[in-house]
Amino acid sequence: MSLTPEEWQALATSLAVAGRALLFALPLAVLTAWLLARPRLPGRFALNALAHVPLVLPPVVVGYALLLLFGIKGPIGHWLFQTLHIRLAFTGAGAALAAGVMAFPLMVRALRLAFEAIDPGLDVAARSLGAGPLDRFLHVSLPLAAPGVAAAAIVGFAACLGEFGAVITFAANVPGETQTLPLAIYAALQTPGGDAAALKLSLLSFAIALVALALSEVLARRAQTLAGR
Amino acid sequence: MLKVEVKKRLGAFTLDAAFEGAEQGITVLFGPSGAGKSSVLAAVAGALKPDAGRIALNGDPLFDSQARIDIPMERRRIGWVFQDARLFPHLSVEGNLRFGLKRAPAGERPIGFDEVIAVLGIGRLLERRPRDLSGGERQRVGLGRALLSQPRLLLMDEPLAALDAPRRHEILPFFEALKTRFGVPVLYVTHSLAEAVRLGDRMVVMRDGKVAAEGPVSEIVLRPDLMPAGAGGQIGAALDGEVAGHEGLLSTIRVGGWDFRVPRLDRRPGAAVRLYVLARDVMLALEPPRRISARNVLEGEITGIESEDRRVLVRVAHAGRELIATLTPDAVEDLGLRSGLKVWAVVKSVAIDGLNGGLLKALED
């Protein structure tokens, strides 16, 4: 099975979009999950609801909401363009933003479970040994949640690779820029005689999924050792 | 010195406790479960905020509801040894030990790493992970970790409760080494009279959220009203003495003006030892008994007689040291015992540290 340059491009775009999406969404998801795991956090309910919005809305609606906010005329998009000359709508960075937003709730759920599984007594022990809040987060909570971080990264990466609705709405279907594998499959199916290409790309997606699963097993084991379990 | 005065409502339970800790050595917070001991400990550590009160250590306020002072736990510099050790599972034993050490102020680290691992005997465990340690080893590492954080006070919350009897005997000598080697005052929570007697210098008895009594251990254990229900047979005298010498199979322990002869003890002359003499093991005679098998016959004067329902507690003192004997009411009547009378106390057996399981064993039986 050989791939055409266009198909290679779709693969490369997918990996780039998913990678950039994780880069911003994973740290935010870690912070959110850590906050949500604290039972006495004020505004916890609101934060939880906000974090889960992309999960309950149709992806097209999320994409449209991103257009309204980050479009060139949207409040955030306008500001970004004026001050930093950054344009997100219909760009690769925009595709990463859309994919990251969609994957965000999935990552938060995996991470929150990991943070909640940590014995709160260890936090008390760390405090009694003189560790402040940031110190405890970096040196106790985060390493102990390492298996959860690994799991969240894999789930998030897979979700980003597969995201369709939000990406095509916010970033369109530009080959070489925002055309990820699912978008390329969609485009192939729209083309007369594109069935063979669609099948090939689908098999490619399947192969990536298998690699990701295998990788997640290895990562999870490493992380378990790191967390001392 | 630790000064505590805290009030806190916790549901239907009210904590209202005030006491002082010993400047040096171990202060035992003693009482049944639910008496509020652990809540007091948590308040001192900074994990529980009292509704009102004051907590001060060596004159520095840690908490003061009126002055609105509440130093965060991480800046109190109070070490905490937990019942469940709470070692960090992602760090090696050495990583655990150094966790607090790294965070202690650089200029104030009198307690050295090498000394701690030597005293606690944990040198060969340094590379291991906590999950690979036995319960007793975990407790020793937890103690080492707390010590190395260079605390001004060490809190110990039932540190032996999760261990079986052999492990407890294994750990106790390390706790005793705390007093002599590191000089960090300790607040020790327990519901075990045996631990209190063996380790304590000062004792604070808690009941229903209040302090029922406080004072030197040797005084508190003489008071039957303070002892837990069912521990009636364990009332006795805790006597601090020193090894005076060895003679054949016997050692002599000098306690004030009394010399106790006990089976040979493997300690140097001059070493401090604590004896515990159960009240039920003491008989009284009006004349020096002769041709008797008991090795310890001690002269003294009756200083007090108290009647309980079916027994009488008689205190016998000499040179500031006091023994206590339980007798039947008719024995007291027959002998005509009264305060000020000179008597000879016949001691059938003496429980002592470092001998056949020692104090703990005697008190647990």
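**Chain B: fold and sheet**

Guide: In this predicted model, 53% of the 365 residues of chain B count as buried.

Visitor: Which secondary structure elements does chain B contain?

Guide: Chain B has nine helices and 21 strands.

Visitor: Why is chain B called as compact as a globular protein of that length?

Guide: The globule rule gives 21 Å for 365 residues, and the radius of gyration of chain B is 22 Å, close to that value; therefore chain B is as compact as a globular protein of that length. Along the principal axes, the C-alpha atoms fill a box of roughly 65 × 50 × 35 Å.

Visitor: What is the strand order in the open sheet of five strands?

Guide: The order in chain B is S14-S13-S12-S15-S21, with antiparallel pairing.

Visitor: Why are strand S14 and strand S21 of chain B called edge strands?

Guide: Strand S14 (258-263) and strand S21 (351-352) of chain B each pair on one side only, and are therefore the edge strands.

Visitor: How do you know that S15 and S21 of chain B pair?

Guide: Two strands pair if there are at least two bridges between them. Tyr276(B) stands opposite Ala351(B) in S21(B).

Notes:
Residues are numbered from 1 along each chain as its sequence is written. Chains are lettered from A and ligands numbered from 1 in the order in which they are written. This is a predicted model: local features need pLDDT of at least 70, side-chain atom pairs count only at pLDDT 80 or more; totals for chains, interfaces and linings use all residues. Side-chain values use heavy atoms; hydrogens and water are left out. Helices (H or I, at least four residues) and strands (E, at least two) are DSSP runs, numbered from the N terminus. The radius of gyration is taken over C-alpha atoms; the globule rule is 2.2 Å times the number of residues to the power 0.38. Buried means under 20% relative accessible area, exposed over 50%, partly exposed in between (1.4 Å probe, protein chains only).
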